[in-house]
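This report describes how two chains relate to each other and how some of their parts pack. Please look over the sequence and the structure before reading on.

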There are 2 protein chains.
Amino acid sequence: MSRRSFWAWGLERDEPGAEQVREAAARLSRRYGVEVASVVPPRSADLRLRPPRIRPPASLAAICATDDHDRAAHTYGRSFRDRIRAYNLQFPNPPDIVARPTTEAEVTAVLDWCSASGYAAIPYGGGSSTVGGFEPPDGYDGIVTIDLSALDKVLEVDGVSRAARIQAGAYGPGLEAQLRPHGFTLRHYPQSFEFSSLGGWIATRSGGHYATNHTHIDDFVESVRMVTPSGLWESRRLPGSGAGPSPDRMAIGSEGILGIITEAWMRIQARPQYRASAGVTYASFAAGAEAARRIVQAKLWPANCRLLDEGEAAAAAGMDGSRALLIIGFESGELPQDEFIRHAVAIARDAGGSVEESDIRISAPAARGDVAAGGDADGGTGRQGAVGAWRNAFLGAPYQRNATTGLGLVAETLETAITWERWPAMDDMVRGALQDTLNRVCGGGTVSCRFTHVYPDGPAPYYTWEGMGRRGAELEMYEEIKAAASDAIMAAGGTITHHHAVGRLHRPWYDRQRPELFAEALRAAKRALDPNGVLNPGLLVDV
Amino acid sequence: MSRRSFWAWGLERDEPGAEQVREAAARLSRRYGVEVASVVPPRSADLRLRPPRIRPPASLAAICATDDHDRAAHTYGRSFRDRIRAYNLQFPNPPDIVARPTTEAEVTAVLDWCSASGYAAIPYGGGSSTVGGFEPPDGYDGIVTIDLSALDKVLEVDGVSRAARIQAGAYGPGLEAQLRPHGFTLRHYPQSFEFSSLGGWIATRSGGHYATNHTHIDDFVESVRMVTPSGLWESRRLPGSGAGPSPDRMAIGSEGILGIITEAWMRIQARPQYRASAGVTYASFAAGAEAARRIVQAKLWPANCRLLDEGEAAAAAGMDGSRALLIIGFESGELPQDEFIRHAVAIARDAGGSVEESDIRISAPAARGDVAAGGDADGGTGRQGAVGAWRNAFLGAPYQRNATTGLGLVAETLETAITWERWPAMDDMVRGALQDTLNRVCGGGTVSCRFTHVYPDGPAPYYTWEGMGRRGAELEMYEEIKAAASDAIMAAGGTITHHHAVGRLHRPWYDRQRPELFAEALRAAKRALDPNGVLNPGLLVDV
């Protein structure tokens, strides 16, 4: 089995070969009108990491890895910044140990050891963070990164209540594969689906499949079990409660600073049998936004309601770049979705959208045999049609960056959310900041936007930008562009992150966003749960 | 204008006259086969409270009341226990001062004064707590109850994003009256609607109108502004965010121990124009529950999906006591609801329910003029039909207890939530505990149940019980029955409260329910925000 790449998205076998890099260089040369020379990607054998400074106790030695590859692969996530540093073999502060507990008792033992020794204890999730969510801190004598991938089981399925007890180390595909024989699905598909874990999703308030209504993992958590240096935290399984502030909502989004989530009861879904979708085009992004607003305010709650601006519609759907595209999708395990899509299309047209009748697709249940064999939808191979193509492109996108890494390209995505009435001004500000900085720093570049999620009170815009930078200067160029966009988001009143989390990357802006007194409360809570301050130090608050 | 009654639900004019009490006594005599003598309710003039022990600073004197009536009316909420104590003129520990700030600056000044002096500072909300949510604590030299009813304005309406900035002291009817001219409604109708405030709803995680999907006030809060002894806490207006644990979710449900909520941006709704409803009957409560489960798991999200057991169906809908009743209702400001109710009825029938076609009611928009005049729905006088009757009965229920108070009747409601698969066992346990204790303590009594809210993973059952007790011994009898039911809820795995909050009443069971480490974190957070421990002492945690 192929190991995880220490720098690229995916496994070592997904690392680009020389030919792919040459093609990528040639493509960038054409696109930017500059000569882009090919390069040879780094190899694991090139790694020269600081030797481990600490040794695990004998009782934990069997679950602790110290080899360079493993430690390098657990140093950075997969943001542009992370990839460049890893590609350049820059690992000045790697973890000393990668611990892979196989039981909750071992999680506790590792954490207790770290807490007693004052070593930083960093939950790894699935390693896909784009915000520096598990990057080791400076100033610690020892760093232990904790990888829960051995705790990957669906332990219990309650089909009556539609909930499942799942270990935090389960990755997307494995989790779905275990639910499928029961006829259920979590239906949480962040773009990192393949290389992210349930515990990571919960700790970072991951945003998933559903574009409306319940979008974040938050709403699918029924209860949380979390190991802290002060003991075990476990909430009751409840469909709803009014008993004090929600304990789960303190654990959700805690980014590893309060404890290590070991399992959760999650609300699960019947596997979709009925689907309906339509792609509606608009003369402008703003016109499409008005349609999305009306659809979500009518509370039709489509599973998909993604709006692509003119640029994204051209890139993703082969359109001519003059029109925006609203993709509306309904799905259900129980009910035909014909009427729902009809209602949505009526609103979409009333808002000025164009759609051919033939582009409104409604599908009946798959044949029973297909479903039983897992041959439908998600993760399976039989998925047909535009939605399937979208999903494959969506999950495949992170791989696309592998071949261009190190060629000088500076490219990233960023996301936010804001209320509808302030969105147009924010869109101007963020695009303006990105384009101006790209022009200044890279001599030009592209900016595009889509809505990944929409709420009755506002959209979650997701910006994609790129420019041709100078090899070796990518990080400074990146940081200038990212900072300008983040400043614009803050000034416009948005959130520094809708679903990518805070991490080290967003921390300066997060500090401006959250109420200072909430940070006080969180610091106090952290001191109570993690008295020696070892859990993911530097994330969210300084203690 | 009539003052609030110091013991009954509503205003002084709602206190029962001698004739009403005689009729109530006769009714109880017939129902229980015992002689129930009439009594004379207490009058405000009978109050003899401990004189105020403290005086406000001169700068706050104008907003501070110290008369017996005001202080008595701000001592207890409206649980059975509260009403009996107030009725019996038992006010051993009233607030010394009732402060009515007229600006946020005055809220801050009152709180600063309390914090500096070590006086308990207790937010009153609307005074409708049924759990001792603002009952003064022992052990303080001074008690200041803070009544925000002067801060009752809708300050801003953002019709594009469907949100409004509302002061925390706004009561239900006033809040709706201010939104109505804009064409919007909050649609949050707890049974306490008339005498509860936005701030109280948020601080107690109030459950409202919607029986499915977004039920608690939690989901309608866009941002919160809260005054604490350590300063001002204000979150950004955001439709969604993944930036750390939600600050709002720490304020929501904090029951006044972290700060005093002064305003909030709330998600509002278009006023309903389309409605559809049906009443479906079942051979048993369990059969009706199965239908409710299927409807909510199909994600049709009806606004109403309330299931009455055989006893409640007889009492509330004139049925014969042999069948359960599922009331399904859809409403929308945007879309005809015909297809939604057809889908729901199909599921309801498939689950064994009976409904005549003529009992499926679908209504078109009211004439434009009516709507503009506010003559539709909620709070208006023109509301017709079964749903309107239900709402009037629902909001009127608390008044019904006024005439029986002091006659020896012991009666209360209690509520919880639990997952579907454990619900049947819990229902047996809670009914068993209530009936056994009623039999032992009261020599008999009645127990009934309805679902007030249903979720994909479980229902929120609401129990109503009563028995004929002994005058003067009601409190001990009540406490024994309440404790037995609460123990049963805990043992069955439910929550001690789905939407009534914790208060002093539920505290012993809450302490068993929440993770101990969450309590540690909450204590630490409270110490950070309220270093002198003056805010609603004894609620949720001891510091």
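Two residues are in contact if their C-beta atoms, placed from the backbone, lie within 7 Å. By that rule, and leaving aside neighbours within four places in sequence, A:Ala525 is in contact with A:Met250, A:Leu258, B:Ala521, B:Ala524 and B:Ala525.

This is a predicted model, in which local features need pLDDT of at least 70, side-chain atom pairs count only at pLDDT 80 or more, and totals for chains, interfaces and linings use all residues. Residues are numbered from 1 along each chain as its sequence is written, while chains are lettered from A and ligands numbered from 1 in the order in which they are written.

A:Ala525, B:Leu326 and B:Ala525 touch the most other members of the largest nonpolar core, which has 299 residues. Such a core is a set of buried Ala, Val, Leu, Ile, Met, Phe, Trp, Tyr and Cys residues joined through C-beta atoms within 7 Å; buried means that 20 or more other C-beta atoms lie within 10 Å of a residue's own.

| Quantity | Value |
|---|---|
| Rotation of chain B onto chain A | 180 degrees |
| Shift along the axis | 0.0 Å |
| RMSD | 0.0 Å |

That is the relation of a two-fold axis. The C-alpha of B:Ala524 is the one in chain B nearest the axis, 2.5 Å from it. The copies meet through the same surface, because 100% of the interface residues of chain B are also interface residues in chain A.

Terms used:
Buried ≥ 20, exposed ≤ 12 C-beta atoms within 10 Å, placed from the backbone. Least-squares fit on C-alpha atoms with pLDDT ≥ 70 in both.
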